[in-house]
Amino acid sequence: MITLPILLPFAGALLAFVLTGHRAAAVATVTAVATLAAVLRLANELRLEGVQRYLLGGWPAPLGINLQADGLSLVMLLMTAAVATLITIYAAAYLRGRPVQRFFWPLWLFLWGGLNALYLSGDLFNLYVVLEIAGLSAVALAALAGNRAALTAALRYLLAAMVGSMSYLLGVGLIYSEYGVLDLATLAGVLQPGLTTSVALGLMMLGLLLKTALFPLHFWLPPAHASALAPVSAALSALVIKGSFYLALRLWFFVFPAVVTFEAGQLVGALGAAAILWGSLQALRQRRLKMLIAHSTVGQVGYLFLIFPLATVPLAAGGPVPWITEAAVGGIYQALSHGFAKASLFLAAGVIVSAAGSDQLSSLRDIAGRLPLTTFAFALAGVSLIGLPPSGGFVAKWMILKAIIASGQWWWVPVVLSGSLLTAGYVFLMIRWAFKPAIVKLSLKPVSLTLQVVPLVLAMLAVLIGLIVDEPVKLLEIGTPFITEGGAP
């Protein structure tokens with residue numbers, strides 16, 4: 001079962017490349033449902049049997065490639081499968097009749113397969129390969145809009161992706177030259193603190209932070225996300241940047257815990273804090289809806305990296321402490337809730353653009369009365385981004401705050417609270433425009449019910465995951481070192 005979430009999207013991509021039009025969309029839809037079912041089946045096996053491992057070709061490490069599924073990888077796979085399936089349903093309606101769908105479907109399925117392979121790979125070089133598959137697919141998807149702004153943004157994105165990949169690969173080369181192995185589990189047992197190991201970790205983290213668009217390495221993200229087609233914007237913001245974040249998390253806490261230092265954790269946390277404030281302030285200044293949502297992504301990504309300073313010290317010291325589970329659950333829940341909420345916002349923005357022909361905030365006038373499902377999706381997704389109960393965003397921020405207070409690192413508290421207030425500012429800005437009466441009654445193009453319902457479902461998921469915290473935490477306990485049994489909030 002562990003190979004199916006990888007093989008199904010890749011096989012679907014090859015078939016979609018051969019077919020055209022509605023047949024390619026049908027193949028993508030069937031592939032999405034099958035991949036979701038495979039991930040659910042794998043999650044069930046994980047719960048019953050524990051960590052799942054598979055050696056490709058039967059070759060053990062260090063010669064072979066090891067696939068491994070633990071609690072962290074399964075939670076990310078589940079979120080990716082749910083969001084990607086809904087994006088596929090939306091894209092089938094959004095792209096109907098457009099020539100661009102000939103290229104969209106194979107690229108989209110290659111992207112999905114690359115992300116799934118990233119979550120299941122247990123080898124540093126194989127991780128580089130699948131990271132490249134996902135990254136290059138994402139760049140090509142970002143360029144599909146075809147206009148000058150999209151092409152310029154895609155080239156900037158490509159430059160950032162290539163620099164990030166080279167930095168990561170240099171770090172992998174240093175590790176291999178020093179230890180002669182690339183398997184993550186083997187490396188975790190042989191790594192020793194030293195200059196070479198520290199430089200290698202620094203290079204890999206630099207590349208991954210660039211791909212995740214953490215401040216001040218975020219220059220490529222807003223134009224790329226804002227200029228792309230709506231399904232692509234949703235995928236880039238909700239899924240693609242989570243892949244590099246996951247890998248940074250995996251390396252920092254699973255492979256290099258004996259190498260990271262308090263100062264390194266504080267530096268990453270400071271970049272996260274700057275991202276929260278800068279991204280949120282920039283979102284408040286925007287007049288384009290999609291650009292506002294894109295800058296919001298920069299700010300929300302910052303919360304993901306606050307868990308690094310909170311959890312670095314106890315892991316390096318070699319023993320669990322009370323706040324480590326809270327920090328980990330908070331960061332991972334932020335990734336989950338942001339994935340659902342941001343996909344909802346970008347797809348809802350796609351409805352506005354399709355109906356009004358513009359993504360200016362002023363085009364939201366009187367939308368509340370004429371597109372109530374889309375307005376409700378904006379509001380529900382905003383609830384999770386702000387961190388209002390009972391949403392997943394509330395669980396994330398509450399657990400991060402608990403970990404901050406328990407660890408005594410009080411200087412992060414004003415950042416979290418200020419970020420929530422600024423988020424409320426730009427969410428209410430969108431809602432205010434939606435309820436403003438139109439000066440002149442403009443005609444809206446008809447939008448299919450599918451395009452309106454999918455963002456609402458995603459927004460509802462962003463809220464509902466706040467009500468089922470026990471289940472994800474039980475999954476995270478399986479093979480995840482910083483989630484201790486009984487750690488559910």
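This is a predicted model: local features need pLDDT of at least 70, side-chain atom pairs count only at pLDDT 80 or more; totals for chains, interfaces and linings use all residues.
A word on ground rules: local features need pLDDT of at least 70 and side-chain atom pairs count only at pLDDT 80 or more, while totals for chains, interfaces and linings use all residues. Residues are numbered from 1 along each chain as its sequence is written, and side-chain values use heavy atoms, with hydrogens and water left out.

**Aromatic rings**

A pair of aromatic rings is described by the distance of the centres and the angle of the planes. Here, rings of Phe, Tyr and Trp (its six-membered ring) pair if their centres lie within 6.5 Å; planes under 30 degrees apart are called stacked, over 60 edge-to-face, and the rest tilted. That rule gives 16 aromatic pairs. Two of them are worth a look, starting with Phe245 and Phe305, an edge-to-face pair with 5.6 Å between centres and 80 degrees between planes. Phe245 sits in helix α10 (residues 230-255) and Phe305 in the loop between α12 (289-304) and α13 (307-317), so this pair ties together parts that are 60 residues apart in sequence. Helices (H or I, at least four residues) and strands (E, at least two) are DSSP runs, numbered from the N terminus.

How buried are these rings? Take buried as under 20% relative accessible area, exposed as over 50%, and partly exposed as in between (1.4 Å probe, protein chains only). Phe245 is buried at 2%, and Phe305 is buried at 0%.

The other pair, Phe394 and Trp398, is stacked: 6.2 Å centre to centre, with 15 degrees between the planes. Phe394 and Trp398 are 4 residues apart in helix α17 (residues 392-407), so about one helical turn separates them. Phe394 is partly exposed at 28%, and Trp398 is partly exposed at 47%.

A charge sits over a ring if NZ of Lys or CZ of Arg is within 6 Å of the ring centre and within 35 degrees of the ring normal.

| Charged residue | Ring | Distance from ring centre |
|---|---|---|
| Arg98 | Tyr94 | 4.4 Å |
| Lys436 | Trp433 | 4.0 Å |

**Helices α1 and α2**

Helix α1 (residues 4-18) packs on helix α2 (residues 21-49) at about 175 degrees, with the axes 9 Å apart. Axes are lines fitted to C-alpha atoms, for helices over the stretch in contact, and angles run from 0 to 180 degrees between N-to-C directions.

Which residues make the contact (heavy atoms within 4.5 Å)? From α1 come Leu4, Pro5, Leu8, Pro9, Gly12, Leu15 and Ala16, while α2 brings Ala24, Val27, Thr31, Ala34, Thr35, Ala38, Val39 and Leu42. By class, that's 12 nonpolar, 3 polar and no charged residues. Ala, Val, Leu, Ile, Met, Phe, Trp, Tyr, Cys and Pro count as nonpolar, Asp, Glu, Lys and Arg as charged, and the others, Gly among them, as polar.

**Two neighbourhoods**

Leu67 lies in strand β2 (residues 66-69) and is buried at 4%. Not counting residues up to four places away in sequence, Leu67 touches Ile2, Thr3, Ile6, Gln52, Arg53, Tyr54, Leu56, Leu120 and Ser121.

Ser237 is in helix α10 and is buried at 0%. Leaving aside neighbours within four places in sequence, its contacts are His225, Lys242, Thr297, His338, Lys342 and Phe346. Ser237 and Thr297 are 60 residues apart along the chain, yet their C-alpha atoms are separated by 6.7 Å.

Most residues other than glycine have a negative phi, and most peptide bonds are trans. Against that, a cis peptide bond joins Phe215 and Pro216, with omega about 5 degrees. Pro216 is in the loop between α8 (195-212) and α9 (221-227). The bond from Pro389 to Pro390 is cis too, with omega near 5 degrees, and Pro390 falls in the loop between α16 (372-386) and α17.

As for phi, Ala213 has a positive value of about 65 degrees without being a glycine. Ala213 is in the loop between α8 and α9 and is buried at 1%. Asp366 has a positive phi near 65 degrees as well; this residue lies in the loop between α14 (324-356) and α15 (367-370) and counts as buried at 18%.

Methods:
Contact means heavy atoms within 4.5 Å.
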